[in-house]
Amino acid sequence: MEMVNVNATWEMPRRGAVNINVHGFFSEIQLANGNRSGIGVVVRNSRGTILRMLSGSLGINERGNNELYAYLEGLKRAYAEDYPAVILETDHVQSYWEWKNSTIEGGIPEHAYVLKQLNTRRRDKNFALDVRLTDPEDNELAAYLAEYGASRWNQMVVIKRSFGRVYELWSKDMGLGPVGPQFRAVNEEEMAVEVMEDGVINPPANMFVMVEQNDEEFMQNENAAFGDGFMVQIQED
């Protein structure tokens, strides 16, 4: 019998730090909306709670450059939210080593600008940055957001609420198991039954239905836009 690795899992950062997973999606052929690339960013705290997500496209048509800009988008979010300690994780081996060795060996000329920006952030003495290479299985959420954004948007979008597939992948990362209907707990009131005259007991017609709703508090933001049952906000920085 072939055995599988059951130990590989996403790890929460230490207290006081945030974990930022990034991924760059790239397609050899143009997508229906004209994009060939996308970027996904997930920011989580020491309890695994998702603080922010980014999804979208910068219109970059070169794989390595797109991966490096995924790092930069993650660091921009850390700076904007004033996170002093960041663990930045990627599953892209080539771009990881290119950035890591760039201060000694330099980098590909086409990547010079973004590498310089990344190294500027890395030299910030008031910013604790730990860049790590992770297994693709532990980076599925960022990878999903990268492909999702590439297929939908032509700019980066801040997502403030989890939805469908995002919730499934987050639950897996946290070791909380499946999220299908049979695994969802409901309130006792929702399980109230009706006794029929003939003695047959039936559940009420409005028994628990899972519906994703947009959060009304975000509707006050004039820059907000909706998509697929969740709130997104156009990134302006």
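Guide: Helices (H or I, at least four residues) and strands (E, at least two) are DSSP runs, numbered from the N terminus. This is a predicted model, in which local features need pLDDT of at least 70 and side-chain atom pairs count only at pLDDT 80 or more, while totals for chains, interfaces and linings use all residues. Residues are numbered from 1 along each chain as its sequence is written, and side-chain values use heavy atoms, with hydrogens and water left out.

Visitor: Where is E67 found?
Guide: E67 belongs to helix α1.

Visitor: And is E67 buried or exposed?
Guide: E67 is buried (under 20% relative accessible area; exposed is over 50%, partly exposed in between, with a 1.4 Å probe and protein chains only).

Visitor: What does E67 touch?
Guide: Not counting residues up to four places away in sequence, E67 touches H23, G24, T90, H92 and S95, where contact means heavy atoms within 4.5 Å.

Visitor: Changing topic, which residues of α3 are buried?
Guide: In helix α3 (residues 112-122), V114, L115, L118, N119 and R121 are buried. They line one face of the helix, because they fall within an arc of 155 degrees seen down the axis of α3; the arc is that of the directions from the helix axis to the C-beta atoms.

Visitor: What do they pack against?
Guide: The buried residues of α3 pack against α1 (63-80) and α2 (93-105). Exposed Y113 and K116 are on the face of α3 turned away from its buried side.

Definitions and conventions
Lys and Arg count as positive and Asp and Glu as negative; His and the chain ends are not counted. A salt bridge is a side-chain nitrogen of Lys or Arg within 4 Å of a carboxyl oxygen of Asp or Glu.
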